[in-house]
Amino acid sequence: MSAKSVLLGCKSPTSMIFDRILEDALRFIRRLLWWREHATEETPKPFQSMRVIHGEFSLISLVEGRDTPRAMRSWIYSPKRCDLNSTKSVVRKISDDLHIYLDFLGPLPNASSPRATQERQERQLKRRSGEKVPTHRLQVLRASHFLNENGFYDYELVFWEDFDFYWPNGQQPDLLARITTDKLAYHCLNRTRVFDMTAEDWSALLQSIWKEIRA
């Protein structure tokens with residue numbers, strides 16, 4: 001059973017937020033993959049590449065334009081698909097990308113509805129009582145770079161987890177969340193078996209990065 005199908009069976013407010021975030025992410029991937037296949041000069045690009053960093057075997061791209069109000073950071077990890085030398089070009093087997101998305105949790109900043117006001121109050125009360133209150137969600141999704149043999153694109157949720165980036169007397173949670181996400185993308189650039197990582201591996205890596213930031 002897929003992660004999405006498990007989550008769709010939940011009815012809590014947190015799972016409903018997750019459903020929206022996941023659906024936004026999948027819609028963006030669909031638009032991106034469609035654009036790669038069908039783009040013309042008149043077709044608007046679904047994101048803007050802000051920075052591309054090359055490694056020996058892969059590259060990571062910081063992109064903007066993921067059209068959801070909760071989006072805060074978006075990286076795309078792409079393995080280099082050809083090894084070139086003077087005599088031959090060898091195409092690598094992996095034809096997928098990884099999308100790393102950071103979204104914030106809680107009410108939207110400009111939301112002033114009774115429900116948003118109540119949620120803010122509840123989050124503040126939990127924080128004051130010493131409870132952890134998740135501030136951001138990190139997702140890793142695997143998406144095909146090319147059409148599969150059936151003429152479709154493949155994509156799946158690899159990992160997601162909610163994190164509390166609140167640090168008393170420290171930097172703002174939004175800044176800490178972006179730093180953590182950037183470091184995660186850089187870690188991927190230096191790894192050779194990123195596609196073999198399990199959800200537990202991603203969680204352990206993020207916990208290690210967060211401890212490093214707080215050290």
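Predicted model: local features only at pLDDT ≥ 70, side-chain atom pairs only at ≥ 80, totals over all residues.

Visitor: What makes strand S1 and S2 a pair?

Guide: Two strands pair if at least two bridges are found between them. S1 (residues 48–54) and S2 are joined over 6 bridges, in the antiparallel sense. They therefore meet the definition of a pair. S1 and S2 also form a hairpin, with 3 residues between them.

Visitor: How do you know that S2 pairs with strand S3?

Guide: The cut-off is again at least two bridges. S2 and S3 (residues 71–79) have 5 bridges and run antiparallel, so they count as paired. For example, Ser58 has Pro79 in S3 as its bridge partner.

Visitor: Why is S2 called largely enclosed?

Guide: Buried means under 20% relative accessible area. In S2 (residues 58–64), 6 of the 7 residues are buried, so the rest of the structure largely encloses this strand.

Visitor: What is the span of helix H5, and what span is expected?

Guide: H5 (residues 199–214) has 16 residues and reaches 23 Å from its first C-alpha to its last, close to the expected 22 Å.

Visitor: Which residues of H5 are buried, and how do you know on which side they lie?

Guide: The buried residues are Trp202, Ser203, Leu205, Leu206, Ile209, Trp210 and Ile213. They cover an arc of only 165° around the axis, so they lie on the same side of H5. Glu200 and Lys211, on the other side, are exposed.

Visitor: What covers the buried residues of H5?

Guide: The cover includes strands S6, S7 and S8, and helix H4.

Methods. Residues numbered from 1 in each chain as written. Heavy atoms only, no water. Helix = DSSP H or I, 4+ residues; strand = E, 2+ residues; numbered from the N terminus. Expected span 1.5 Å × (residues − 1). Buried < 20%, exposed > 50% of the residue type's maximum accessible area, 1.4 Å probe, protein only. Arc of directions from axis to C-beta. Contact = heavy atoms within 4.5 Å.
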